[in-house]
Amino acid sequence: MNFRESGFQKIREIGKGGMATVILAKHLELNSLVAVKILNQDAMIDREYIQRFYREARITASLNHPNIVRVIESNFSGGDFYIVTEYINGGDLTPVIYSPQLPLKKKLWIMSKVVNGLGYAHGKGIVHRDIKPSNILMTQAFEPKLCDFGISTMLMGPESRLTQTNQLMGTMDYISPEQREDAKNVDFRTDLFSIGVILYKMATGRKPFGAFKRPIEIDKQVPPELDKLIMKCLQPDPSDRYRNTGNLHQALLQLIKSLDDSIKDPPMRSKNKVIDSTIISDKDFDNLIHQLKQGPLSEKLKAKSLFLQKVHQKHKNRLIELLADAEGILKEVLIESMGILKFTESCDILIELLNDSYYNKFAAKAIGDIGCSNGEASLLRLLNSDTESAYIAIKPLGMLNSKKSIKGIRKFMN
(Lines give C-alpha, C1' and ligand atoms only; values in the text may rest on other atoms or scores of the structure.)
Protein backbone atom coordinates (compact mmCIF):
# COMPACT_ATOMS: atom_id res chain seq x y z
CA MET A 1 0.00 0.00 0.00
CA ASN A 2 1.33 3.43 -0.95
CA PHE A 3 0.33 5.47 2.07
CA ARG A 4 0.97 8.91 0.60
CA GLU A 5 -1.01 8.19 -2.55
CA SER A 6 -3.84 6.79 -0.43
CA GLY A 7 -3.93 9.93 1.70
CA PHE A 8 -2.14 8.66 4.82
CA GLN A 9 1.18 9.15 6.56
CA LYS A 10 2.46 5.91 8.04
CA ILE A 11 3.69 6.17 11.64
CA ARG A 12 4.32 2.60 12.79
CA GLU A 13 3.01 -0.96 12.82
CA ILE A 14 0.85 -1.68 15.86
CA GLY A 15 -0.34 -5.22 15.19
CA LYS A 16 0.03 -8.17 12.84
CA GLY A 17 -1.85 -11.42 12.36
CA GLY A 18 -2.10 -14.14 9.76
CA MET A 19 -4.77 -12.28 7.79
CA ALA A 20 -3.99 -8.59 8.26
CA THR A 21 -1.53 -6.00 9.55
CA VAL A 22 -2.62 -2.91 11.48
CA ILE A 23 -0.74 0.35 10.94
CA LEU A 24 -1.00 3.55 12.96
CA ALA A 25 -1.21 6.42 10.48
CA LYS A 26 -2.18 10.03 10.12
CA HIS A 27 -5.17 10.70 7.87
CA LEU A 28 -3.87 13.67 5.90
CA GLU A 29 -7.25 15.07 4.89
CA LEU A 30 -8.83 14.71 8.35
CA ASN A 31 -5.55 15.57 10.14
CA SER A 32 -6.21 12.84 12.71
CA LEU A 33 -4.69 9.55 13.82
CA VAL A 34 -6.28 6.39 12.44
CA ALA A 35 -5.71 2.64 12.46
CA VAL A 36 -5.34 1.12 8.99
CA LYS A 37 -5.98 -2.62 8.80
CA ILE A 38 -4.40 -3.99 5.62
CA LEU A 39 -5.05 -7.46 4.21
CA ASN A 40 -1.72 -9.29 3.98
CA GLN A 41 -0.42 -10.22 0.54
CA ASP A 42 -0.41 -13.94 1.43
CA ALA A 43 -4.09 -13.71 2.40
CA MET A 44 -5.08 -12.12 -0.93
CA ILE A 45 -4.75 -15.47 -2.70
CA ASP A 46 -7.41 -16.98 -0.43
CA ARG A 47 -10.93 -16.06 -1.53
CA GLU A 48 -12.36 -16.85 1.91
CA TYR A 49 -9.98 -14.37 3.58
CA ILE A 50 -10.98 -11.68 1.11
CA GLN A 51 -14.68 -12.34 1.67
CA ARG A 52 -14.21 -12.29 5.43
CA PHE A 53 -12.24 -9.04 5.30
CA TYR A 54 -14.85 -7.44 3.05
CA ARG A 55 -17.61 -8.65 5.35
CA GLU A 56 -15.82 -7.17 8.38
CA ALA A 57 -15.69 -3.79 6.65
CA ARG A 58 -19.35 -3.94 5.65
CA ILE A 59 -20.58 -5.09 9.05
CA THR A 60 -18.51 -2.67 11.14
CA ALA A 61 -19.36 0.26 8.87
CA SER A 62 -23.05 -0.46 9.43
CA LEU A 63 -22.63 -0.01 13.19
CA ASN A 64 -22.78 3.43 14.78
CA HIS A 65 -22.42 3.17 18.55
CA PRO A 66 -20.08 4.86 21.07
CA ASN A 67 -18.88 1.46 22.30
CA ILE A 68 -18.01 0.06 18.87
CA VAL A 69 -14.92 1.13 16.94
CA ARG A 70 -15.96 3.46 14.12
CA VAL A 71 -15.04 2.71 10.51
CA ILE A 72 -13.94 5.83 8.61
CA GLU A 73 -13.44 4.32 5.16
CA SER A 74 -12.39 1.15 3.34
CA ASN A 75 -10.90 0.18 0.01
CA PHE A 76 -11.21 -3.02 -2.04
CA SER A 77 -9.78 -1.94 -5.40
CA GLY A 78 -6.42 -1.43 -7.07
CA GLY A 79 -4.83 -4.40 -5.33
CA ASP A 80 -4.98 -2.75 -1.89
CA PHE A 81 -7.58 -4.04 0.56
CA TYR A 82 -7.75 -2.03 3.77
CA ILE A 83 -10.13 -0.78 6.47
CA VAL A 84 -9.57 2.57 8.19
CA THR A 85 -10.95 2.99 11.72
CA GLU A 86 -10.62 5.50 14.52
CA TYR A 87 -7.44 5.00 16.56
CA ILE A 88 -8.05 3.89 20.15
CA ASN A 89 -4.94 4.60 22.21
CA GLY A 90 -5.66 3.07 25.62
CA GLY A 91 -4.75 -0.57 24.94
CA ASP A 92 -7.24 -3.40 25.40
CA LEU A 93 -9.32 -4.70 28.32
CA THR A 94 -6.66 -7.09 29.69
CA PRO A 95 -4.97 -4.67 32.14
CA VAL A 96 -8.41 -3.55 33.35
CA ILE A 97 -9.25 -7.13 34.32
CA TYR A 98 -6.15 -7.52 36.48
CA SER A 99 -5.75 -3.95 37.77
CA PRO A 100 -5.91 -3.79 41.58
CA GLN A 101 -6.23 -0.01 41.38
CA LEU A 102 -9.65 -0.13 39.72
CA PRO A 103 -12.56 -0.92 42.06
CA LEU A 104 -14.86 -3.76 41.08
CA LYS A 105 -17.74 -1.33 40.61
CA LYS A 106 -15.74 0.59 37.97
CA LYS A 107 -14.82 -2.62 36.14
CA LEU A 108 -18.46 -3.72 36.03
CA TRP A 109 -19.47 -0.29 34.75
CA ILE A 110 -16.96 -0.72 31.89
CA MET A 111 -18.42 -4.17 31.17
CA SER A 112 -21.96 -2.76 31.15
CA LYS A 113 -20.88 -0.47 28.31
CA VAL A 114 -19.36 -3.41 26.44
CA VAL A 115 -22.65 -5.26 26.78
CA ASN A 116 -24.54 -2.16 25.66
CA GLY A 117 -22.47 -1.95 22.47
CA LEU A 118 -22.86 -5.69 21.93
CA GLY A 119 -26.63 -5.35 22.37
CA TYR A 120 -26.69 -2.69 19.64
CA ALA A 121 -24.90 -5.10 17.27
CA HIS A 122 -27.30 -7.89 18.24
CA GLY A 123 -30.19 -5.58 17.43
CA LYS A 124 -28.77 -5.36 13.90
CA GLY A 125 -28.76 -9.16 13.67
CA ILE A 126 -25.00 -9.44 14.16
CA VAL A 127 -23.38 -12.06 16.42
CA HIS A 128 -19.73 -11.22 17.13
CA ARG A 129 -18.51 -14.78 17.90
CA ASP A 130 -15.08 -13.65 19.13
CA ILE A 131 -15.67 -11.61 22.28
CA LYS A 132 -12.44 -11.54 24.32
CA PRO A 133 -10.36 -8.89 26.14
CA SER A 134 -8.08 -8.18 23.16
CA ASN A 135 -11.14 -7.35 21.03
CA ILE A 136 -12.30 -4.73 23.52
CA LEU A 137 -10.19 -1.60 23.15
CA MET A 138 -10.02 1.13 25.78
CA THR A 139 -9.77 4.88 25.38
CA GLN A 140 -7.67 6.91 27.81
CA ALA A 141 -10.96 7.83 29.53
CA PHE A 142 -11.74 4.11 30.14
CA GLU A 143 -14.44 3.98 27.47
CA PRO A 144 -14.57 0.47 25.96
CA LYS A 145 -14.99 -0.11 22.22
CA LEU A 146 -15.71 -3.44 20.57
CA CYS A 147 -13.61 -4.26 17.53
CA ASP A 148 -12.73 -7.07 15.09
CA PHE A 149 -15.99 -8.29 13.60
CA GLY A 150 -13.98 -10.48 11.21
CA ILE A 151 -15.71 -13.75 12.10
CA SER A 152 -19.08 -12.31 13.09
CA THR A 153 -22.20 -13.79 11.60
CA MET A 154 -25.44 -12.16 10.46
CA LEU A 155 -28.66 -13.88 11.42
CA MET A 156 -30.78 -11.87 8.99
CA GLY A 157 -30.47 -9.89 5.78
CA PRO A 158 -28.94 -10.67 2.36
CA GLU A 159 -25.48 -11.54 3.75
CA SER A 160 -26.68 -14.04 6.34
CA ARG A 161 -26.21 -17.02 4.04
CA LEU A 162 -22.65 -15.96 3.24
CA THR A 163 -21.53 -15.29 6.78
CA GLN A 164 -22.55 -18.51 8.49
CA THR A 165 -19.67 -20.94 8.30
CA ASN A 166 -19.45 -24.28 10.04
CA GLN A 167 -15.70 -23.84 10.52
CA LEU A 168 -14.69 -23.52 14.18
CA MET A 169 -13.51 -19.97 14.74
CA GLY A 170 -12.98 -17.77 17.74
CA THR A 171 -10.67 -18.08 20.73
CA MET A 172 -11.14 -21.42 22.46
CA ASP A 173 -10.86 -20.00 26.00
CA TYR A 174 -13.86 -17.72 25.43
CA ILE A 175 -16.28 -19.42 23.02
CA SER A 176 -19.45 -21.18 24.12
CA PRO A 177 -19.99 -24.96 24.12
CA GLU A 178 -22.45 -24.72 21.22
CA GLN A 179 -19.98 -22.71 19.14
CA ARG A 180 -17.35 -25.41 19.65
CA GLU A 181 -19.78 -28.06 18.41
CA ASP A 182 -21.49 -26.21 15.55
CA ALA A 183 -20.13 -22.75 14.71
CA LYS A 184 -22.82 -22.21 12.09
CA ASN A 185 -25.86 -22.63 14.31
CA VAL A 186 -25.26 -20.11 17.08
CA ASP A 187 -27.24 -17.06 18.13
CA PHE A 188 -26.71 -13.99 20.34
CA ARG A 189 -26.38 -16.12 23.47
CA THR A 190 -22.95 -17.41 22.38
CA ASP A 191 -21.62 -13.86 22.93
CA LEU A 192 -23.21 -13.79 26.40
CA PHE A 193 -21.19 -16.87 27.35
CA SER A 194 -18.00 -15.05 26.30
CA ILE A 195 -18.99 -12.07 28.45
CA GLY A 196 -19.42 -14.51 31.33
CA VAL A 197 -15.85 -15.79 30.85
CA ILE A 198 -14.48 -12.23 31.04
CA LEU A 199 -16.52 -11.48 34.17
CA TYR A 200 -15.34 -14.75 35.75
CA LYS A 201 -11.72 -13.67 35.17
CA MET A 202 -12.47 -10.26 36.69
CA ALA A 203 -13.91 -11.86 39.80
CA THR A 204 -11.41 -14.68 40.30
CA GLY A 205 -8.30 -14.03 38.20
CA ARG A 206 -8.90 -17.42 36.54
CA LYS A 207 -10.61 -18.80 33.45
CA PRO A 208 -13.55 -21.21 33.90
CA PHE A 209 -12.03 -24.46 32.67
CA GLY A 210 -13.75 -27.85 32.85
CA ALA A 211 -15.92 -28.42 35.92
CA PHE A 212 -15.05 -25.01 37.30
CA LYS A 213 -16.00 -23.67 40.72
CA ARG A 214 -18.41 -20.82 41.25
CA PRO A 215 -16.59 -17.47 41.72
CA ILE A 216 -17.80 -17.20 45.31
CA GLU A 217 -16.29 -20.61 46.09
CA ILE A 218 -12.91 -19.32 44.94
CA ASP A 219 -13.19 -16.05 46.85
CA LYS A 220 -15.83 -15.33 49.49
CA GLN A 221 -15.47 -11.59 48.82
CA VAL A 222 -17.19 -11.96 45.44
CA PRO A 223 -20.68 -10.41 45.85
CA PRO A 224 -23.39 -13.13 45.67
CA GLU A 225 -25.30 -11.17 43.00
CA LEU A 226 -22.21 -11.09 40.78
CA ASP A 227 -21.66 -14.80 41.36
CA LYS A 228 -25.22 -15.53 40.18
CA LEU A 229 -24.92 -13.24 37.16
CA ILE A 230 -21.68 -14.87 36.01
CA MET A 231 -22.97 -18.40 36.45
CA LYS A 232 -26.13 -17.57 34.48
CA CYS A 233 -23.97 -16.35 31.57
CA LEU A 234 -21.87 -19.53 31.73
CA GLN A 235 -24.72 -22.05 31.59
CA PRO A 236 -23.86 -24.84 29.07
CA ASP A 237 -27.40 -24.75 27.67
CA PRO A 238 -28.05 -21.40 25.89
CA SER A 239 -31.68 -21.46 26.98
CA ASP A 240 -30.55 -21.24 30.63
CA ARG A 241 -28.59 -18.02 30.03
CA TYR A 242 -30.06 -14.53 29.83
CA ARG A 243 -32.71 -14.36 27.12
CA ASN A 244 -30.96 -11.50 25.37
CA THR A 245 -28.27 -8.87 25.77
CA GLY A 246 -30.75 -6.33 27.08
CA ASN A 247 -31.60 -8.56 30.04
CA LEU A 248 -27.91 -9.00 30.87
CA HIS A 249 -27.34 -5.24 30.60
CA GLN A 250 -30.17 -4.51 33.02
CA ALA A 251 -28.87 -7.14 35.44
CA LEU A 252 -25.42 -5.54 35.36
CA LEU A 253 -26.83 -2.07 36.02
CA GLN A 254 -28.87 -3.33 38.97
CA LEU A 255 -25.79 -5.09 40.35
CA ILE A 256 -23.67 -1.94 40.01
CA LYS A 257 -26.28 0.12 41.88
CA SER A 258 -26.38 -2.43 44.71
CA LEU A 259 -22.62 -2.53 45.23
CA ASP A 260 -21.07 -0.43 47.95
CA ASP A 261 -18.21 1.77 46.70
CA SER A 262 -15.93 0.20 49.27
CA ILE A 263 -16.16 -3.18 47.53
CA LYS A 264 -13.02 -3.58 45.46
CA ASP A 265 -11.31 -6.45 43.74
CA PRO A 266 -10.53 -9.56 45.75
CA PRO A 267 -6.81 -9.66 46.64
CA MET A 268 -4.71 -11.34 43.96
CA ARG A 269 -3.21 -14.66 44.82
CA SER A 270 0.43 -15.42 44.39
CA LYS A 271 3.00 -17.71 45.90
CA ASN A 272 5.12 -14.63 46.54
CA LYS A 273 5.01 -13.25 50.10
CA VAL A 274 5.16 -9.77 48.61
CA ILE A 275 1.36 -9.47 48.81
CA ASP A 276 1.51 -9.42 52.60
CA SER A 277 4.33 -6.92 52.85
CA THR A 278 4.24 -3.16 52.55
CA ILE A 279 7.61 -2.90 50.79
CA ILE A 280 9.16 -5.33 48.32
CA SER A 281 12.02 -7.23 49.92
CA ASP A 282 15.17 -7.69 47.83
CA LYS A 283 14.23 -11.33 47.22
CA ASP A 284 10.67 -10.52 46.17
CA PHE A 285 11.97 -7.64 44.04
CA ASP A 286 14.11 -10.13 42.12
CA ASN A 287 11.20 -12.57 41.82
CA LEU A 288 8.94 -9.90 40.32
CA ILE A 289 11.67 -8.79 37.92
CA HIS A 290 12.01 -12.42 36.80
CA GLN A 291 8.23 -12.62 36.19
CA LEU A 292 8.29 -9.37 34.24
CA LYS A 293 11.09 -10.73 32.06
CA GLN A 294 9.98 -14.30 31.40
CA GLY A 295 6.45 -14.95 32.67
CA PRO A 296 3.34 -15.34 30.49
CA LEU A 297 1.46 -12.11 29.77
CA SER A 298 -1.13 -12.62 32.51
CA GLU A 299 1.62 -13.12 35.11
CA LYS A 300 3.53 -10.12 33.79
CA LEU A 301 0.47 -7.91 34.22
CA LYS A 302 -0.07 -9.12 37.78
CA ALA A 303 3.60 -8.61 38.58
CA LYS A 304 3.45 -5.13 37.07
CA SER A 305 0.56 -4.09 39.33
CA LEU A 306 2.27 -5.44 42.44
CA PHE A 307 5.61 -3.89 41.55
CA LEU A 308 4.15 -0.42 40.97
CA GLN A 309 2.26 -0.60 44.26
CA LYS A 310 5.21 -1.59 46.42
CA VAL A 311 8.40 -0.31 44.75
CA HIS A 312 10.45 1.69 47.25
CA GLN A 313 13.07 4.43 47.33
CA LYS A 314 15.69 1.86 48.29
CA HIS A 315 15.39 0.30 44.82
CA LYS A 316 16.28 3.46 42.87
CA ASN A 317 19.77 2.33 41.89
CA ARG A 318 18.47 -1.09 40.81
CA LEU A 319 15.91 0.58 38.54
CA ILE A 320 18.65 2.47 36.69
CA GLU A 321 20.84 -0.62 36.54
CA LEU A 322 18.07 -2.79 35.08
CA LEU A 323 16.79 -0.21 32.61
CA ALA A 324 19.83 -0.46 30.32
CA ASP A 325 19.00 -3.98 29.08
CA ALA A 326 15.25 -4.08 29.78
CA GLU A 327 12.62 -4.57 27.06
CA GLY A 328 8.84 -4.77 26.83
CA ILE A 329 6.67 -4.67 29.95
CA LEU A 330 9.70 -4.74 32.25
CA LYS A 331 11.05 -1.54 30.71
CA GLU A 332 7.61 0.10 30.96
CA VAL A 333 7.44 -0.80 34.66
CA LEU A 334 10.92 0.55 35.40
CA ILE A 335 10.11 3.86 33.70
CA GLU A 336 6.76 4.19 35.51
CA SER A 337 8.46 3.38 38.82
CA MET A 338 10.82 6.32 38.37
CA GLY A 339 7.82 8.61 38.04
CA ILE A 340 6.11 7.12 41.09
CA LEU A 341 9.25 7.56 43.20
CA LYS A 342 9.79 11.12 41.91
CA PHE A 343 13.29 9.96 41.01
CA THR A 344 14.88 13.25 39.87
CA GLU A 345 18.20 11.52 39.14
CA SER A 346 16.48 9.65 36.28
CA CYS A 347 15.43 12.81 34.37
CA ASP A 348 18.31 12.68 31.88
CA ILE A 349 17.63 9.03 31.05
CA LEU A 350 13.90 9.69 30.65
CA ILE A 351 14.60 12.62 28.31
CA GLU A 352 16.72 10.33 26.12
CA LEU A 353 13.84 7.84 26.01
CA LEU A 354 11.61 10.51 24.43
CA ASN A 355 13.39 9.61 21.19
CA ASP A 356 12.11 6.04 21.39
CA SER A 357 8.74 5.83 19.61
CA TYR A 358 7.62 2.85 21.71
CA TYR A 359 8.64 3.95 25.21
CA ASN A 360 8.32 7.72 24.85
CA LYS A 361 4.76 7.80 26.22
CA PHE A 362 5.95 6.18 29.47
CA ALA A 363 8.98 8.48 29.63
CA ALA A 364 6.86 11.59 28.99
CA LYS A 365 4.45 10.68 31.79
CA ALA A 366 7.31 10.03 34.22
CA ILE A 367 8.92 13.37 33.31
CA GLY A 368 5.64 15.08 34.16
CA ASP A 369 5.20 13.11 37.39
CA ILE A 370 8.72 13.96 38.53
CA GLY A 371 8.62 17.53 37.26
CA CYS A 372 11.85 17.34 35.22
CA SER A 373 12.22 20.99 34.21
CA ASN A 374 15.17 20.09 31.99
CA GLY A 375 12.80 17.98 29.91
CA GLU A 376 10.71 20.96 28.80
CA ALA A 377 12.68 21.64 25.60
CA SER A 378 12.54 18.00 24.52
CA LEU A 379 8.81 17.78 25.25
CA LEU A 380 8.17 20.93 23.22
CA ARG A 381 10.11 19.47 20.29
CA LEU A 382 7.98 16.34 20.60
CA LEU A 383 4.83 18.48 20.71
CA ASN A 384 5.80 20.21 17.47
CA SER A 385 6.72 16.98 15.68
CA ASP A 386 4.40 15.70 13.00
CA THR A 387 3.91 12.33 14.68
CA GLU A 388 1.53 10.50 16.96
CA SER A 389 3.91 11.23 19.84
CA ALA A 390 3.02 14.93 19.75
CA TYR A 391 -0.13 14.22 21.75
CA ILE A 392 1.66 12.47 24.60
CA ALA A 393 3.68 15.63 25.35
CA ILE A 394 0.61 17.70 26.27
CA LYS A 395 -0.07 16.39 29.78
CA PRO A 396 3.56 16.37 31.06
CA LEU A 397 4.06 19.89 29.69
CA GLY A 398 0.92 20.95 31.53
CA MET A 399 2.33 19.41 34.73
CA LEU A 400 5.54 21.42 34.30
CA ASN A 401 3.23 24.46 34.17
CA SER A 402 5.77 26.99 32.92
CA LYS A 403 4.80 29.93 30.70
CA LYS A 404 6.71 28.38 27.81
CA SER A 405 4.95 25.02 28.23
CA ILE A 406 1.47 26.53 28.44
CA LYS A 407 2.18 28.72 25.40
CA GLY A 408 3.35 25.68 23.45
CA ILE A 409 0.21 23.71 24.35
CA ARG A 410 -2.09 26.57 23.34
CA LYS A 411 -0.31 26.95 20.01
CA PHE A 412 -0.60 23.20 19.37
CA MET A 413 -4.30 23.07 20.24
CA ASN A 414 -5.06 25.99 17.93
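How many bridges pair strand 4 and strand 5, and in which sense? The legends below take up this pair and other parts of the chain.

The model is predicted, so local features need pLDDT of at least 70 and side-chain atom pairs count only at pLDDT 80 or more, while totals for chains, interfaces and linings use all residues. Residues are numbered from 1 along each chain as its sequence is written, and side-chain values use heavy atoms, with hydrogens and water left out.

**View 1. The protein chain as a whole.** The protein chain has 19 helices and nine strands; helices (H or I, at least four residues) and strands (E, at least two) are DSSP runs, numbered from the N terminus. Of its 414 residues, 51% count as buried, where buried means under 20% relative accessible area, exposed over 50%, and partly exposed in between (1.4 Å probe, protein chains only). Among contacts (heavy atoms within 4.5 Å) with a separation of 6 or more, 59% are between residues 24 or more positions apart.

View 2. Strand 4 and strand 5 (residues 80-86) pair in the antiparallel sense over six bridges; two strands pair if DSSP finds at least two bridges between them. Ser-77 stands opposite Asp-80 in strand 5, and Val-71 stands opposite Thr-85. Two residues lie between the strands of this hairpin, and Gly-78 takes a positive phi near 70°.

View 3. Five strands make up an open sheet in the order 1-2-3-5-4, with antiparallel pairing. Strand 1 (8-16) and strand 4 (71-77) stand at the edges with a single partner strand each, so one side of each has no neighbour in the sheet. Neighbouring strands are turned by 25° against each other on average, direction ignored; the axes are lines fitted to C-alpha atoms, for helices over the stretch in contact, and angles run from 0 to 180 degrees between N-to-C directions. Strand 5 also pairs with strand 3 (residues 32-39), in the antiparallel sense over five bridges, and Ala-35 stands opposite Thr-85 in strand 5. Six of the seven residues of strand 5 are buried.

**View 4. His-122 in helix 4.** His-122 lies in helix 4 (residues 104-123). Is His-122 buried or exposed? His-122 counts as buried because its relative accessible area is 6%. The side chains of His-122 and Asp-191 are joined by a polar contact of 2.8 Å. Such a contact is a pair of N or O atoms within 3.5 Å; within protein, one must be able to donate a hydrogen and the other to accept it, and residues adjacent in sequence count only if both atoms are side-chain atoms. Not counting residues up to four places away in sequence, His-122 touches Val-127, Phe-188, Asp-191 and Thr-245.

**View 5. Helix 9 and its cover.** The buried residues of helix 9 (residues 224-233) include Leu-226, Leu-229 and Cys-233. Their cover includes helix 4, helix 7 (189-204), helix 8 (215-218) and helix 10 (245-258). Leaving aside neighbours within four places in sequence, Leu-229 is in contact with residues including Leu-199, Tyr-242 and Leu-248.

**View 6. The nonpolar cores.** A nonpolar core is a set of buried Ala, Val, Leu, Ile, Met, Phe, Trp, Tyr and Cys residues joined through side-chain atoms within 4.5 Å. The largest one has 89 residues, and those with the most contacts inside it include Leu-93, Leu-229 and Phe-307. Helix 7 gives the largest share of this core, nine residues. A second, separate core of ten residues includes Ala-20, Leu-39, Val-71 and Phe-81.
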